[in-house]
Amino acid sequence: MKSYLIHHLVKSEDLNHHKTLFAGRMAEWFVEACFVAAASAYGKPEGIVCLKVHGFRFIKPIRNGSIVVIDSKVVLTGRTSLTVYAKVLDEKTGDFLVDGFITFVSVDEEGNKVQHQLPTPEAQTEEEVELVMKAKALKQQ
């Protein structure tokens, strides 16, 4: 599975009242990183939209001055959907900070779902096999 990496510097304007990264800012970066993976796989950025964010969870607080790395990859495709997994790591320490899934759908110019004809990515590692199983379970919910 192809990974896409995006880096962000956490600045003072990104912080909440606890002086940690504001969840809304992380959500913005997270959705953007997942969109990059989905749009790159689909090949037409204008042809996909976000349908649902699944299980977006913070593992550790993120501090001012941290550089975060968002690693995103398409882990499952359906007829019209692409499910992307992303994890966020601290660039300096490698600490695991955030993860979750986002489902996108392919659409035409009027916003109607269309089939995308993309193959399901092949899992290469045990971690990817587990991610595929989790993504399939999300579709059942």
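## Aromatic cluster

Phe30, Phe56 and Phe58 come together in one aromatic cluster. This is a predicted model, in which local features need pLDDT of at least 70, side-chain atom pairs count only at pLDDT 80 or more, and totals for chains, interfaces and linings use all residues. Residues are numbered from 1 along each chain as its sequence is written, and side-chain values use heavy atoms, leaving out hydrogens and water.

## Ring pairs

Rings of Phe, Tyr and Trp (its six-membered ring) pair if their centres lie within 6.5 Å; planes under 30 degrees apart are stacked, over 60 edge-to-face, and the rest tilted. By this rule there are four aromatic pairs. One of them joins Phe35 and Phe104, which is edge-to-face because the ring centres are 6.1 Å apart and the planes lie at 65°. This pair links distant parts of the chain, with Phe35 in helix α1 (residues 23–42) and Phe104 in strand β5 (residues 96–106), 69 residues apart. Helices (H or I, at least four residues) and strands (E, at least two) are DSSP runs, numbered from the N terminus.

Phe104 is buried at 1% relative accessibility, while Phe35 is partly exposed at 27%. Here buried means under 20% relative accessible area, exposed over 50%, and partly exposed in between (1.4 Å probe, protein chains only).

## Nonpolar core

A nonpolar core is a set of buried Ala, Val, Leu, Ile, Met, Phe, Trp, Tyr and Cys residues joined through side-chain atoms within 4.5 Å. The largest has 27 residues, and Met26, Phe30, Ile62 and Val88 have the most contacts inside it. Helix α1 gives the largest share of this core, nine residues.
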